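The following exercises are to be worked with the sequence and the coordinates at hand. Each task is followed by a solution in steps.

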Amino acid sequence: MPAGIHVDHVAVVVPDIEAALQFWRDGLGLPVDRVEEIPSQQASVAFLPAGESEIELVRPTAADSGTGRFLAKRGPGVHHICFRVNDLTEMLAHLKSMGIRLINEQPVPGADGKRLAFIHPESASGVLVELYELPADRAR
């Protein structure tokens with residue numbers, strides 16, 4: 001089995017980042033590292049470090065985006081859990097050999113040089129799971 005897996009972040013879809021920060025920042029005391037517009041994902045994202053992981057508050061900027069459809073159908077809530085892995089290609093091969101349903105059978109490019117892939121919720125107890133790998137020069 002592949003080694004080196006760490007919870008990187010939990011993404012929460014929200015209709016309004018400022019309103020959501022009343023709980024996450026003001027209530028729990030999590031600091032806001034930054035808020036970014038991410039055009040490729042049609043979203044605005046607030047990044048809140050929480051120990052060695054992060055909470056990402058994701059506000060869709062387009063109703064027809066994946067997170068926009070999620071928000072319209074389910075309302076605000078947990079969208080996915082992301083795990084950082086040491087070797088994404090190895091992990092995907094391992095999961096595929098087990099019959100796990102993959103949304104991305106091969107890694108796709110992500111922000112900041114990351115490679116990522118998603119696992120279908122059918123194979124993960126109803127949870128959308130993201131896996132990502134840092135570029136070799138930034139591996140932890």
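**Exercise 1.** Does S125 count as buried, partly exposed or exposed, and at what relative accessibility?

*Solution.* The model is a predicted one, in which local features need pLDDT of at least 70, side-chain atom pairs count only at pLDDT 80 or more, and totals for chains, interfaces and linings use all residues. Residues are numbered from 1 along each chain as its sequence is written, and side-chain values use heavy atoms, with hydrogens and water left out.

Step 1. Apply the classes: buried is under 20% relative accessible area, exposed is over 50%, and partly exposed is in between, with a 1.4 Å probe and protein chains only.

Step 2. S125 has 76% relative accessibility and therefore counts as exposed.

Step 3. Locate the residue: S125 is in the loop between β7 (115-119) and β8 (128-133). Helices (H or I, at least four residues) and strands (E, at least two) are DSSP runs, numbered from the N terminus.

Step 4. Inspect the backbone: S125 is not a glycine, yet its phi is positive, about 55°.

**Exercise 2.** Classify Q42 by accessibility and describe its backbone.

*Solution.* Step 1. The phi of Q42, a residue other than glycine, is positive and near 50°.

Step 2. Q42 is placed in the loop between β2 (34-38) and β3 (43-50).

Step 3. Because its relative accessibility is 33%, Q42 counts as partly exposed.

**Exercise 3.** Determine which residues of helix α2 are buried and where they lie around the axis.

*Solution.* Step 1. In α2 (residues 66-74), the buried residues are T67, G68, F70 and L71.

Step 2. These residues lie on the same side of α2 because they cover an arc of only 160° around the axis, the arc being that of the directions from the helix axis to the C-beta atoms.

Step 3. On the other side of α2, the exposed residues are R69, A72 and K73.

Step 4. The cover over the buried residues of α2 includes β1 (5-13), β4 (53-60) and β5 (77-85).

Step 5. After α2 comes G75, with a positive phi near 85°.

**Exercise 4.** Which residues make up the largest nonpolar core?

*Solution.* Step 1. A nonpolar core is a set of buried Ala, Val, Leu, Ile, Met, Phe, Trp, Tyr and Cys residues joined through side-chain atoms within 4.5 Å.

Step 2. The largest such core has 12 residues in all: V85, L88, M91, L92, L95, I100, L102, A117, I119, A124, V129 and L131.

Step 3. Two or more residues of this core come from each of α3 (88-97), β7 and β8, and α3 gives the most, with 4 residues.

Methods
Contact = heavy atoms within 4.5 Å.
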